[in-house]
Amino acid sequence: MNQSIKKQIQSLKSFFKKKLLSINEDKGEITITFDQENIIESLRILRDRPEFDFKQLIDLCGVDYQDYKIAAHDEKRFCVVYHLLSLKNNQRLRVKVFAEDDEFPIFQTMTEVWPNADWYEREAFDLFGLMFIDHPDLRRLLTDYGFVGHPFRKDFPMIGKVEVRYDPTLKRVIYEPVSIDERNNVPRLIRDEGIHRG
Amino acid sequence: MRVSIVAEIKNYTMNFGPQHPAAHGVLRLVLEMDGEVIQRVDPHIGLLHRATEKLAENRTYLQSVPYMDRLDYVSMMMNEHAYVMTIEKLLQIKVPIRAQYIRVLFDEITRILNHLLWLGAHALDVGAMTVFLYAFREREDLFDCYEAVSGARMHAAYYRPGGVYRDLPSTMPQFQPSKKQRSSEINKLNKNRSGSLLDFIEDFAKRFPTYVDEYETLLTDNRIWKQRTVGIGVVDPDRAVALGMTGPMLRGSGVEWDLRKKQPYETYSELDFKIPVGKEGDCYDRYLVRMEEMRESNKIIKQCIEWLRENPGPVISNDNKVTPPSRSEMKEDMESMIHHFKLFTEGFHIPKGEAYAAVEHPKGEFGTYIISDGANKPYRLKIRAPGFPHLAAINEMTKGHMLSDLVAIIGTQDIVFGEIDR
């Protein structure tokens with residue numbers, strides 16, 4: 001572990017103390033987990049205090065942990081991952097927040113902290129159905145107009161649910177349930193670590 | 001009695017795209033206009049959404065490499081680079097130094113490819129047709145390099161976890177004799193193709209700076225070009241950072257930030273190059289930054305050629321749990337045979353964990369974030385596309401500008417829908 005990462009972990013620990021649910025370092029990347037409570041404040045501190053200075057939100061994405069239950073996170077299903085970058089300190093940080101409710105996942109919006117969170121949150125809402133409280137304009141972003149469902153959830157089939165075609169009798173484009181079967185030539189397989197990697 | 005004849009003019013909405021030559025693909029903008037002045041822009045994206053991230057969850061790690069080419073389809077190899085770098089980080093495997101140099105060489109070729117298309121399309125949008133034709137002439141040579149090394153002109157799938165697919169070829173493909181062209185002309189075309197790929201690239205690198213000079217004589221002091229770009233779409237440095245801008249968009253505003261220098265990957269720390277930075281943060285400065293970047297890329301290419309000529313060696317890791325064994329080994333060695341079979345049926349497994357790795361893509365920071373649950377397929381792959389936050393900022397950049405400036409701003413953002421919609 002190099003010096004600057006050690007220092008960063010130290011300052012994160014000493015500043016946030018109990019607010020940090022977890023902190024770990026892996027392959028030179030620091031991941032911290034926050035509670036839903038006071039999340040906006042905590043991230044604002046990460047942005048504004050000079051020892052953190054994470055002025056840039058590089059990425060924000062949703063994750064659906066349905067098939068990959070992690071005991072450390074109370075097996076909660078939905079998570080938002082923030083990738084932060086500090087240009088001044090040349091450091092990166094990954095922040096995770098889990099939704100309390102699996103059925104109706106609610107998060108706080110970060111549009112006031114980083115303006116580019118706007119589209120990222122719209123994307124996460126569109127693809128995972130994550131609700132961002134107080135988001136100024138929470139519309140779908142990537143999927144079709146009138147799309148039903150959240151396609152990146154693990155329970156959404158890869159081939160989708162509807163297909164579209166032109167109906168010559170009705171003289172318009174219509175949606176129908178998919179007529180094809182999902183094809184998977186290579187099964188998903190988890191091997192014990194260290195025994196077999198290839 | 002006087003009657004007011006000035007009618008009350010209300011804002012009106014206008015639809016721009018999705019089929020519009022200046023929209024660089026399938027961009028639909030809903031514009032709120034006050035006369036010819038833009039009040040609000042609402043981009044509707046997703047018309048090219050192919051759910052690459054979802055598809056990758058259902059494919060082995062190696063099967064997803066060609067999908068990466070199709071993200072930002074004007075800088076193909078850079079996308080692969082970020083993806084394979086994340087896998088290498090997760091697996092903790094070392095890439096041979098020669099493969100690193102080859103990657104740097106092709107990254108810079110890709111940067112020139114991308115900037116040439118951007119330059120041509122941007123100038124065309126603003127009204128200068130000629131540059132487009134010149135830029136495509138040079139792109140043709142660079143596509144030939146892609147073809148020589150991977151067999152495909154665009155979607156190369158050349159970078160593999162652990163290195164690159166194969167070493168640089170010692171011959172270049174040649175033009176064949178035909179009834180339509182005289183043999184003297186064919187010989188002329190084949191003149192710089194008689195040697196190896198490195199000779200061909202070196203020849204290109206020698207010619208290229210004069211080409212950039214040619215573009216600059218067409219544009220840099222061009223009155224119309226300046227009228228259309230100076231003072232248009234100004235972003236101040238703090239705002240550029242807050243909006244998540246990276247790459248030339250950020251450097252155009254005067255922030256010196258380049259991952260190749262600040263968080264060097266591969267062999268960038270050993271190469272000599274500079275980071276051009278703008279001052280005003282307008283379209284013209286971003287143009288100058290990108291032009292200068294092409295020259296710097298050319299310098300890096302020259303250094304890579306020099307190194308590659310003198311240092312032969314392996315181009316892919318010999319860890320057969322991740323990279324395939326050679327054909328000859330497979331024919332004699334049982335273990336290699338098994339490795340090959342397992343690798344191309346089941347694929348390799350990545351231990352539980354997560355990683356994010358990013359490269360300095362021609363458009364900004366292109367990164368991939370992989371969460372692995374120990375399977376042969378990623379549990380979640382997130383692609384951080386540089387164009388996404390740039391396009392999100394278009395409302396702010398165009399507010400108060402004329403409709404015609406919108407086109408210049410779309411051009412300066414270097415938008416490609418493959419990466420934004422994913």
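## A sheet in chain B

In S8(B), Arg384(B) is the bridge partner of Gly367(B). This is a predicted model, in which local features need pLDDT of at least 70 and side-chain atom pairs count only at pLDDT 80 or more, while totals for chains, interfaces and linings use all residues. Residues are numbered from 1 along each chain as its sequence is written, with chains lettered from A and ligands numbered from 1 in the order in which they are written.

S7(B) and S8(B) run antiparallel to each other, joined over five bridges; strands count as paired if DSSP finds at least two bridges between them. Helices (H or I, at least four residues) and strands (E, at least two) are DSSP runs, numbered from the N terminus.

## Around the sheet

Put together, the open sheet has three strands in the order S6-S7-S8 (chain B), with antiparallel pairing. S6 and S8 of chain B are its edges, each pairing on one side only.

Helix H3 (residues 76-91) of chain B packs on this sheet, touching S6 and S7 of chain B, and its direction makes about 150° with that of S6(B). Here axes are lines fitted to C-alpha atoms, for helices over the stretch in contact, and angles run from 0 to 180 degrees between N-to-C directions.

## Where chain B meets chain A

The contact takes 36 residues from chain A and 49 residues from chain B; two residues touch if their C-beta atoms, placed from the backbone, lie within 7 Å. On the chain B side, S7(B) gives the most, with four residues.
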